[in-house]
Amino acid sequence: LCGGFTGSYIFSTTIFTYRTGTRLRLCGAVVIAAELLLFASPVTVGAYVPKLFFGAVLTFIAADLLVDWLWAARHKVHPTEYAIILLTFGAINCFGLEVGMCGGVLIAMCHFIIDYASAPVVRRIDVRSTVLRSFAHSRALAGEQTRLISLRCRGYIFFGSTLRIMEDVLSAVSVPPHLEPTLGRPPSKQRPSAQPAPPTRFVLFDFAAVTGLDATA
């Protein structure tokens, strides 16, 4: 309505205010008053200000942002995220602002998918039912307890985490030694006196901590 840019940040005012330690709202009121005086002035004040002043201000802002995001941020973010910042900066200088920003966002999205897919989703737990059953049923369940494993899933399950879930399930189940190569793992070597684990008969999944399930999973 007043001829200004919508959603535009004034980096110069923000950086100068932060560097000088100003924490009062009076700073904003002074800026508004100065802008109104410049707007109402009958002469163009900017025409009498040396161009070197504007160039120095822009150079200071650019140098300050480069030092913050390309040097000081190296200890504040993960090394992979810092590499994404450097790649985005290089893409902006090589291909332009729009292409560089889109490329940085695309790289960040791929990094998020890979990082989230590699996070542990399944954890083995030991739980017992709280349902009151007869002695015969409880005895039968106790006899099958060693053949049952309980796995608790958490987080958001999508196509990238299904492979990790399958690997966790295959590593948790017990099968006879001659069937272990079918699961993609070498036969386990046990001592002659060791009692082999009974084969897994039931796998129980707990999805209470799952926040969402993608259709592609």
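What follows is a working chat about a predicted model.

Biologist: Start me off. How many helices and strands are there in the protein?

Modeller: This is a predicted model, to be clear. The protein has 7 helices and 3 strands.

Biologist: And in what order do the elements run from the N terminus?

Modeller: The order is α-α-α-α-α-β-α-β-α-β.

Biologist: What share of the residues count as buried?

Modeller: The figure is 15% of the 217 residues.

Biologist: How much of the contact set comes from residues 24 or more positions apart?

Modeller: Such pairs make up 69% of the contacts with a separation of 6 or more.

Biologist: Let's do the sheet. What is the strand order?

Modeller: E1-E2-E3, in an open sheet of 3 strands. The pairing is mixed.

Biologist: Which are the edge strands?

Modeller: E1 and E3, each of which pairs on one side only. From one strand to the next, the twist averages 25°.

Biologist: Take E1 and E2. Parallel or antiparallel?

Modeller: Antiparallel. If you want a landmark, Ile125 stands opposite Ser150 in E2.

Biologist: And E2 with E3, parallel or antiparallel?

Modeller: Parallel, with 9 bridges between E2 and E3. Here Leu151 stands opposite Phe205 in E3.

Biologist: Which helix lies across E1, E2 and E3?

Modeller: Helix H7, residues 162-172. H7 runs at about 165° to E2.

Biologist: Switching to charges. How many salt bridges does the count come to?

Modeller: The count comes to 1 salt bridge.

Biologist: Which residue forms a salt bridge with Arg152?

Modeller: Asp206 does. The closest N and O atoms of Asp206 and Arg152 are 3.1 Å apart.

Biologist: Which parts does the pair tie together?

Modeller: Asp206 lies in strand E3, residues 202-213, and Arg152 in strand E2, residues 148-157. So the pair ties together parts that are 54 residues apart in sequence.

Biologist: What is the relative accessible area of Asp206?

Modeller: Asp206 has 24%, so Asp206 is partly exposed. Arg152 is at 30% relative accessibility and also counts as partly exposed.

Biologist: Stay on Asp206. Which residues is Asp206 in contact with, leaving aside neighbours within four places?

Modeller: Ile125, Leu151, Arg152 and Cys153.

Biologist: Ile125 is in that list. How far apart are the C-alpha atoms of Asp206 and Ile125?

Modeller: They are separated by 9.5 Å. Along the chain, Asp206 and Ile125 are 81 residues apart.

Biologist: Now the helices. At what angle do H3 and H4 pack?

Modeller: About 145°, with the axes 10 Å apart. H3 is residues 51-70 and H4 is residues 79-95.

Biologist: Which residues make the contact?

Modeller: From H3, Leu66, Trp69 and Leu70. From H4, Tyr82, Ile85, Leu86 and Phe89.

Biologist: What is the breakdown of the H3 contact with H4 by class?

Modeller: There are 7 nonpolar residues, no polar ones and no charged ones.

Biologist: Last topic, cysteines. How many disulfides does a search of the whole structure find?

Modeller: The search finds 0 disulfides.

Biologist: Take Cys94. Buried or exposed?

Modeller: Exposed, at 60% relative accessibility.

Biologist: And Cys102, what is the relative accessible area there?

Modeller: Cys102 has 54%. The cut-off for exposed is over 50%, so Cys102 counts as exposed.

Key: Residues are numbered from 1 along each chain as its sequence is written. This is a predicted model: local features need pLDDT of at least 70, side-chain atom pairs count only at pLDDT 80 or more; totals for chains, interfaces and linings use all residues. Side-chain values use heavy atoms; hydrogens and water are left out. A disulfide is a pair of cysteine sulfur atoms within 2.5 Å. Buried means under 20% relative accessible area, exposed over 50%, partly exposed in between (1.4 Å probe, protein chains only). Axes are lines fitted to C-alpha atoms, for helices over the stretch in contact, and angles run from 0 to 180 degrees between N-to-C directions. Helices (H or I, at least four residues) and strands (E, at least two) are DSSP runs, numbered from the N terminus. Contact means heavy atoms within 4.5 Å. Ala, Val, Leu, Ile, Met, Phe, Trp, Tyr, Cys and Pro count as nonpolar, Asp, Glu, Lys and Arg as charged, and the others, Gly among them, as polar. A salt bridge is a side-chain nitrogen of Lys or Arg within 4 Å of a carboxyl oxygen of Asp or Glu. Two strands pair if DSSP finds at least two bridges between them.
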